[in-house]
Amino acid sequence: MELPSAALQATRPSGSQAIQRAILVLRSIARSHENGIGLSVLCQHTKLNKSTVHRITATLISEGLVEQHEQTRRYYLGTECYTLGLIAADRFRLRNVVDEPVRRLARETGDAAFFSVRQGTHALCLLREDGNYPLKSHVLHAGDRHPLGVGGGSLAMLSAMDDKWVNDYLDRSIEDIGSLYPVYTRDVLESVVQESRSRGYAVNRGLVLKGSWGVGVAIRDPDGQVMGAYSIATVESRMSAEREAVLYRLLRTETNALEKYLQDSHKNVKHTDFSS
């Protein structure tokens with residue numbers, strides 16, 4: 001039976017919802033950038049039905065943002081994403097500055113090292129570099145985006161915000177955070193924030209994935225605003241109080257160097273607000 005026009009309209013997503021779904025699909029494809037992702041797995045990750053995902057991917061393909069392999073039918077990011085990334089990279093010139101420090105952290109620790117930036121109430125991982133230790137933590141990859149507080153670097157950023165900001169953020173976001181990460185209750189987040197502030201750096205003790213630990217240090221821009229974090233992820237068996245202190249010292253050294261670079265460059269380089 002054909003739906004009346006009003007009923008048909010009600011079944012269609014609003015403009016903002018359609019955009020949100022397209023972004024959700026695009027991010028899921030980005031997380032599988034090395035091996036691509038099939039339709040059924042993409043549906044599982046996005047919690048959207050096949051017809052919706054197929055419609056969205058078809059549009060993204062037509063715009064060059066997504067490509068589909070002819071034989072495997074797996075989805076990959078398209079060339080237009082690369083083009084847009086190059087344009088965005090001109091704004092995020094910081095990548096050229098933090099690339100070597102992230103490599104150095106991975107080389108010196110043997111573990112995975114990261115640089116993340118703050119995007120409002122979320123942390124976006126821009127860089128990941130793996131060390132030579134055979135056991136890897138696979139919780140965070142370049143392109144992943146988590147709510148503030150989820151993960152070592154993200155927790156470091158949240159802990160560096162003032163009490164009012166944290167309280168307002170938890171008032172608005174704790175239900176959404178809990179739906180994605182059930183272990184993250186308000187009590188848990190408030191507790192780890194206080195621990196991080198007392199310690200001077202953040203430690204994620206397997207809250208995102210059991211056995212996967214992370215250490216993070218927040219980075220502030222020349223105006224004193226939280227703009228990002230360096231972090232290191234490792235397996236629980238490699239962590240001890242002594243090694244935690246070593247990881248913190250390495251992260252603090254790189255953080256101090258970056259903040260000094262930003263401060264020295266502030267007078268001559270147009271300041272970019274990474275917190276928006």
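User: Which residues of H9 do Leu-155, Leu-158 and Ser-159 in H7 meet?

Analyst: The model shown here is a predicted one. In it, three residues of H7, namely Leu-155, Leu-158 and Ser-159, form the H7 side of a contact with H9. The residues on the H9 side are Leu-189, Val-192, Val-193, Ser-196 and Arg-197.

User: Are H7 and H9 roughly parallel or roughly perpendicular to each other?

Analyst: Helix H7 covers residues 152-160 and helix H9 covers residues 186-199, and their axes come within 9 Å. These axes cross at roughly 80 degrees. Angles of 65 to 115 degrees count as roughly perpendicular. The relation of H7 to H9 is therefore roughly perpendicular.

User: How many of the nine residues of H7 are buried?

Analyst: A residue counts as buried when its relative accessible area is under 20%. In H7 the buried residues are Gly-152, Gly-153, Ser-154, Leu-155, Ala-156, Met-157, Leu-158, Ser-159 and Ala-160. H7 is largely enclosed by the rest of the structure, because the number of its residues that are buried is nine of the nine.

User: What covers the buried residues of H2?

Analyst: Helix H2 spans residues 15-31 and reaches 25 Å from its first C-alpha to its last, close to the 24 Å expected. Its buried residues are Val-25, Ser-28, Ile-29 and Ala-30. The cover over them includes helix H3 (39-46), helix H4 (50-62), strand E1 (66-68) and strand E2 (75-77).

User: Is Ala-30 buried or exposed?

Analyst: Ala-30 is found in helix H2. The limit for burial is a relative accessible area under 20%. Ala-30 has a relative accessibility of 19%, so it counts as buried.

User: Where does Lys-47 lie?

Analyst: Lys-47 is not a glycine, yet it has a positive phi of about 60 degrees. Most residues other than glycine have a negative phi. Lys-47 is also exposed, with a relative accessible area of 73%. Its place is the loop between H3 and H4.

User: What is the relative accessible area of Arg-73?

Analyst: Arg-73 is placed in the loop between E1 and E2. Phi of Arg-73 is positive as well, near 65 degrees, in a residue other than glycine. Arg-73 is partly exposed, its relative accessible area being 44%.

User: What covers the buried residues of H6?

Analyst: H6 has 16 residues and reaches 23 Å from its first C-alpha to its last, close to the 22 Å expected. Its buried residues are Leu-94, Val-98, Pro-101, Val-102, Leu-105, Ala-106 and Thr-109. The cover over them includes strand E3 (112-119), strand E4 (122-129), strand E8 (226-235) and H10.

User: How far apart are the C-alpha atoms of Arg-104 and Gly-131?

Analyst: Arg-104 is found in helix H6, which covers residues 94-109. It is partly exposed, with a relative accessible area of 26%. Gly-131 is 27 residues away from Arg-104 along the chain, and the C-alpha atoms of the two are separated by 9.2 Å.

User: With which residues is Glu-244 in contact, leaving aside its neighbours within four places in sequence?

Analyst: Glu-244 lies in helix H10, residues 241-265. At 9% relative accessibility it counts as buried. Leaving aside neighbours within four places in sequence, its contacts are Arg-199, Tyr-201, Val-203, Arg-205 and Met-239.

Notes: Residues numbered from 1 in each chain as written. Predicted model: local features only at pLDDT ≥ 70, side-chain atom pairs only at ≥ 80, totals over all residues. Heavy atoms only, no water. Helix = DSSP H or I, 4+ residues; strand = E, 2+ residues; numbered from the N terminus. Expected span 1.5 Å × (residues − 1). Buried < 20%, exposed > 50% of the residue type's maximum accessible area, 1.4 Å probe, protein only. Contact = heavy atoms within 4.5 Å. Axes fitted to C-alpha atoms, helices over the stretch in contact; angles between N-to-C directions. Parallel < 35°, antiparallel > 145°, perpendicular 65-115°, else oblique.
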